[in-house]
Amino acid sequence: MYYLLIFENTFTIIETEKKIIRSSKKFSDIVFENLTLLFAITIIVIVVFICFEMFKDSAISREKFGFGFITSEKWDSVKSDYGALTFVYGTVVSSIIALLIALPISIGVAVFLTELANSITKTTVSFLIEILAAIPSIIYGFWGIFVLAPFMRTSVQPALQSTLGFIPLFQGATAGFGLLTAGIILAIMITPIITSITRDVLKAIPVSQREAAYALGSTKWEAIKMALLNAKSGILGATILGLGRAVGETMAVTMVIGNKAQIKESLFEPAYSMASVIANEFAEASGGLHVSALIEVGLILFGVTFIINSLARILIYSFTRKAQAR
Amino acid sequence: MTDYYSMIKNNSGRRKIKSRIMLTLCVTAAMLAILPLVYIFFYTTIQGASSLNLEFFTELPKPVGETGGGMANAIVGTLTLVGLGSLFGIPVGIMAGIYVTEYSKSLFANIIKFVTDVLSGIPSIIIGIFAYGVIVIPMQRFSAYAGGFALGLLMIPTVTRITEEMLKLVPHTIREAALALGIPRWKTTIMIVLRTASSGIITGILLAIARAAGETAPLLFTSFGNSFWSSSLDGPIASIPVQIFNYAISPYDEWHRKAWAGAFVLIALVFIVSLIVRLATRNKFSQSA
């Protein structure tokens, strides 16, 4: 009986001690976990809040112009008549030019980095590409004004005109500032992101596949081509991500696109993009409707980049999962 | 399926030449991609270094027509804005990164990762509009707070991502060892896991800071800019990128030279930080290997 009592006592003491330890652990842990949760949720709240703000602040313009806002070419702050078509056009065309130039180059660099370069060249080139991605866009724009645009005016555009001048895209005055120059600047700026993701995607393709191709007597390029074909959904994802960057790029485009709200056939003509009209007019916007219209342009831009980026992420994510499963 | 037999039977010399040509094109692509970087780097250095002197770092901008003057207020302004941004962006980024790797169930972690990706994909000009809407309008004036807030928002995704990546590199055995010694989970996370990953996270933060220092678009209508010393944070404040923009689109040669000097400072910052990050991560990988 006596022994049993001692035994029971010790038992309860141990139990309560355990409880104390466990509960104290749990309490501080719960506090910390919820603290980190709070910050994680902050990010979600911010993104939702950004959507809400853009939507709310563009209300005046959305109510006044409706869907016609996207299809109207007019942008007149004197008559208070606003439409976004010219800016959508400028953004879309300059981004497409950028992709057409950046994609083949990026794939080439990625192949070079994964398949051809020795380790020193690989490190150097990927380091330089990283810096290319980190250079502020204001510097690209500045360089564009003083180096690229004059070079386009004096050399590239006349050359294009004399060889491909029969196509309307390459006709008209060669001003230097315009869609083509903006597209080239964008191409330089999005090459790093497309390159780095394509490189990762290529790395995820098992070496055994290329070895099998070599064993069957294929040349190096044929083996690489097969890897590229297998990686195509990942590369598509990289391309779309690059597109997202190009669409949202502001300063560099603003400085070289010419900032003229017009839709012309020629790529040499100045144009205007969604991001650059906001950058140029927002601080000096006249009246509530003007600001609201600019924010609606921003809302369109936000929607477009959101769709583009989500699509890219889904493609890249599903590709890497598939590659890991293989 | 490719018919490999006929591939081999085909003229292999032609295939080899094609292979050679395509591989040469890849090398050309690599050179072509680096060309603009080299050009921009040297051009900025040549244009900028000549007007880079002590005055540039200590003097206020001079009006048009007067020679001399510097960007001292813009340099201090950029430091202030980046500092404000860091105060907001770094804690949020690190804590969210910890939550995603250490606590979250996979579905919620994926949601947060997705939203972080969305945030990093939002064009910086839109972040500017947002900061304008939530800070400039209620305060009725451009302010350093608004600019810092915008920069902080832009830093969050980078910091979250890098924290996540670095915490993932910490082996599970280290966490288990700490927990087995009876150390509470939160202490394990802060004192052991975070400390192990700290060098990687710090380099990531450096990268985020360098990026934020070069941002222009979100500052145009949040911190705006001025040409004198700012005495308080709730008024407009100058910054290097906005100053470069204003100078670059001006017609004055003297201002262009100043802008090149500013551009040189920014490029040097980016270059040095990238180099540090490179060296730090290389050590990290060789240690783990």
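Helix axes here are lines fitted to C-alpha atoms, over the stretch in contact, and angles run from 0 to 180 degrees between N-to-C directions. Helices (H or I, at least four residues) and strands (E, at least two) are DSSP runs, numbered from the N terminus.

With that, the ground rules. This is a predicted model: local features need pLDDT of at least 70, side-chain atom pairs count only at pLDDT 80 or more, and totals for chains, interfaces and linings use all residues. Residues are numbered from 1 along each chain as its sequence is written, and chains are lettered from A, ligands numbered from 1, in the order in which they are written.

Start with a helix pair in chain B. Helix H4 (residues 72–103) of chain B packs against helix H7 (residues 144–169) of chain B. The angle is about 30°, and the axes are 6 Å apart. H4(B) passes H7(B) in a right-handed crossing. For the classes, Ala, Val, Leu, Ile, Met, Phe, Trp, Tyr, Cys and Pro count as nonpolar, Asp, Glu, Lys and Arg as charged, and the others, Gly among them, as polar.

Now the rest of chain B. It has 12 helices and 0 strands. Its C-alpha trace spans about 75 × 65 × 35 Å along the principal axes. The radius of gyration of chain B is 24 Å, whereas a compact globule of 289 residues would have one near 19 Å. That radius is taken over C-alpha atoms, and the globule rule is 2.2 Å times the number of residues to the power 0.38. Buried residues make up 49% of chain B. Buried means 20 or more other C-beta atoms within 10 Å of the residue's own; exposed means 12 or fewer; partly exposed lies in between; C-beta atoms are placed from the backbone.

On to chain A. Here we have 13 helices and 2 strands. Why call chain A more spread out than a compact globule? Its radius of gyration is 28 Å, well over the 20 Å that the globule rule gives for 326 residues. The C-alpha trace of chain A spans about 110 × 70 × 35 Å along its principal axes. Buried residues make up 48% of chain A.

The domain assignment of chain A gives domain 1 (2–57) and domain 2 (69–325). Such bounds come from an automatic or database assignment. The centres of the two domains are 46 Å apart, over C-alpha atoms.

Two residues in chain A. Ala204(A) sits in helix H7 (residues 179–204) of chain A. Ala204(A) is partly exposed, with 17 other C-beta atoms within 10 Å. Beyond its neighbours within four places in sequence, Ala204(A) is in contact with Thr320(A) and Ala323(A). Contact means C-beta atoms, placed from the backbone, within 7 Å.

Glu211(A) is in helix H8 (residues 207–215) of chain A. Buried or exposed? Glu211(A) is exposed, with 11 other C-beta atoms within 10 Å. Its C-alpha atom is 8.1 Å from that of Ala223(A), 12 residues away in sequence.

Last, the interface. How many residues does each chain bring? Chain A gives 70 residues and chain B gives 71. On the chain A side, helix H1 (residues 2–57) gives the most, with 19 residues. By class, that side has 45 nonpolar, 16 polar and 9 charged residues.

Conventions
Contact = placed C-beta atoms within 7 Å. Left-handed = near helix turned anticlockwise from the far one by under 90°.
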